[in-house]
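Please open the model in your viewer and keep the selection tool at hand. The tour below goes from stop to stop, saying what to select and what is there.

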Amino acid sequence: MGSPVSPIVANLYMEEVERKALGSFKGRVPSHWYRYVDDTWVKIKTREVESFTAHINAVDKNIKFTREDTKDNCLPFLDCAVHIEENGNLNTEVYRKPTHTDQYLLFDSHHPLEHKLGVIRTLHHRAEHVPSKPQGKKKEHTRVKEALKTCGYPNWAFIKSAKMHRKEDQTPAREDKKDRRNNIVIPYVAGVSEKLRRVFSKHDIPVYFRPSNTLRHKLVHPKDKTPKHRLNNVVYAVQCSEECPDLYIGETKQPLHKRMAQHRRATSTGQDSAVHLHLKVKGHSFEDANVHILDREDRWFERGVKEAIYVHCERPSLNRGGGLRHQLSAIYNPVLSSLPRRLNAHSHPGPSDLRKSHDRVGPGFTMSSPETLADWGPHPLSHLGSCD
Ligand SMILES: [Zn+2]
């Protein structure tokens, strides 16, 4: 899963499994079969349940079905609790797992207001559409309102959300949407992001916010971490040996260890990298463990910009003047100079020293902090989000 093609392929595969299972069953096949992705609602004669379960589980060795039977004439399906009434009618209500705690996005959390209004709208929409009876809808609306109030939602938020909802209903779908420029997504920082959106909207560019500092982001890592030396598309900083304060910042789309191997050897063109020249002249060496990943960026242009920003901020002694792919306009200087330095943080050269340092290979600045680069936490620039 993960690729946009995956659900389509999964659906095609499941359809084939179902076709085989339903077509080859010797008993009485289910009268109702409704599937949504991997959840299927089935109505079948009670006497056939066990044999059909065994049958469908024998159709494909890769696909195993688990079964949940009705309990007190109720069977949950997706987010609906479907009750079978005595007269045979079905009555639906909103289904919540027994472990559900009515905990929603807290109103005082650092998220854009529209996301919070979206929570209200989504829950109201569900309260309006899932329960099949008027009293069920009323009960659900009451429950939602109470849960959201516990999460800190004030009355005005409910009113505002309802107003936006009505407005959307009345506005005809915009035909000119296609003509609008690509939208951009920026990390949400309260107070700043809203201002940026106003600037962009003057140019008819829609801006969407993405919370960047979430618990999920910090805690959930579904895949094993790629070892650092195998990461690619990175902006990196090479710290020479611990005794040598010299620093180089570069970017590469290759796995880090390959790029480091290139730094260690001479090139056939004679255009040796600054790192190679330094190692040769000084007789130094560096460990891959002392290479710090400042940032990751898949896109070529953006990676070049990030490299230029890091070089500007960190002023690495081994970067030669002309080596950058991207030249930052001087217009960014006031912003960039307000960013904190993390590497060689205690040795600020003045602007004239900086010029010299670009031409000079050798010990330029001292690093008074004993840590290796690898000990630094996430770089302050690493939250520069992508705009996709
Ligand atoms: Zn060195």
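**Stop 1: a hairpin**

Select valine 37: in the hairpin of S1 and S2, with two residues between the strands, valine 37 takes a positive phi near 55°. Before going on, note that this is a predicted model, where local features need pLDDT of at least 70, side-chain atom pairs count only at pLDDT 80 or more, and totals for chains, interfaces and linings use all residues. Residues are numbered from 1 along each chain as its sequence is written.

Now select strand S1 (residues 32–36) and strand S2 (residues 39–43), which run antiparallel and are joined by five bridges. Two strands pair if DSSP finds at least two bridges between them. Tyrosine 34 has tryptophan 41 of S2 as its bridge partner.

**Stop 2: the whole chain**

Helices (H or I, at least four residues) and strands (E, at least two) are DSSP runs, numbered from the N terminus. Of its 388 residues, 17% count as buried. A residue is buried if 20 or more other C-beta atoms lie within 10 Å of its own, exposed if 12 or fewer, and partly exposed in between, with C-beta atoms placed from the backbone.

**Stop 3**

Select asparagine 73, in the loop between helix H2 (49–57) and S3. Its phi is near 60°, a positive value in a residue other than glycine. Is asparagine 73 buried or exposed? Asparagine 73 is exposed, with 11 other C-beta atoms within 10 Å.

Next comes an open sheet of three strands in the order S3-S4-S5, with antiparallel pairing. Its edge strands, each pairing on one side only, are S3 (74–77) and S5 (90–94). Neighbouring strands of this sheet are turned by 25° against each other on average, direction ignored. Angles run from 0 to 180 degrees between N-to-C directions, and axes are lines fitted to C-alpha atoms, for helices over the stretch in contact. S3 is joined to S4 (residues 80–84) by four bridges. Phenylalanine 77 has cysteine 80 in S4 as its bridge partner.

**Stop 4: two packed helices**

Select helix H3 (residues 113–129) and helix H4 (residues 134–150), which pack at an angle of about 160° with their axes 8 Å apart. H3 and H4 are therefore roughly antiparallel to each other (the term applies to angles over 145 degrees). Which residues of H3 and H4 make the contact? On H3 they are Ile120, Leu123, His124, Ala127 and Glu128, and on H4 they are Lys137, Glu140, His141, Val144 and Leu148. Two residues are in contact if their C-beta atoms, placed from the backbone, lie within 7 Å.

**Stop 5**

Select asparagine 233, in the loop between helix H7 (215–219) and S8. Asparagine 233 has a positive phi of about 55°, although it is not a glycine. Asparagine 233 is partly exposed, with 18 other C-beta atoms within 10 Å.

Three strands form an open antiparallel sheet here, in the order S9-S8-S10. S9 (247–252) and S10 (291–296) are the edge strands. Five bridges join S8 (residues 234–239) to S10, and alanine 237 stands opposite histidine 292 in S10.

Helix H8 (residues 256–264) lies across S8, S9 and S10, running at about 45° to S8. Helix H10 (residues 300–314) also lies across S8, S9 and S10, running at about 170° to S9.

Key:
Angles under 35 degrees count as roughly parallel, over 145 as roughly antiparallel, 65 to 115 as roughly perpendicular and the rest as oblique.
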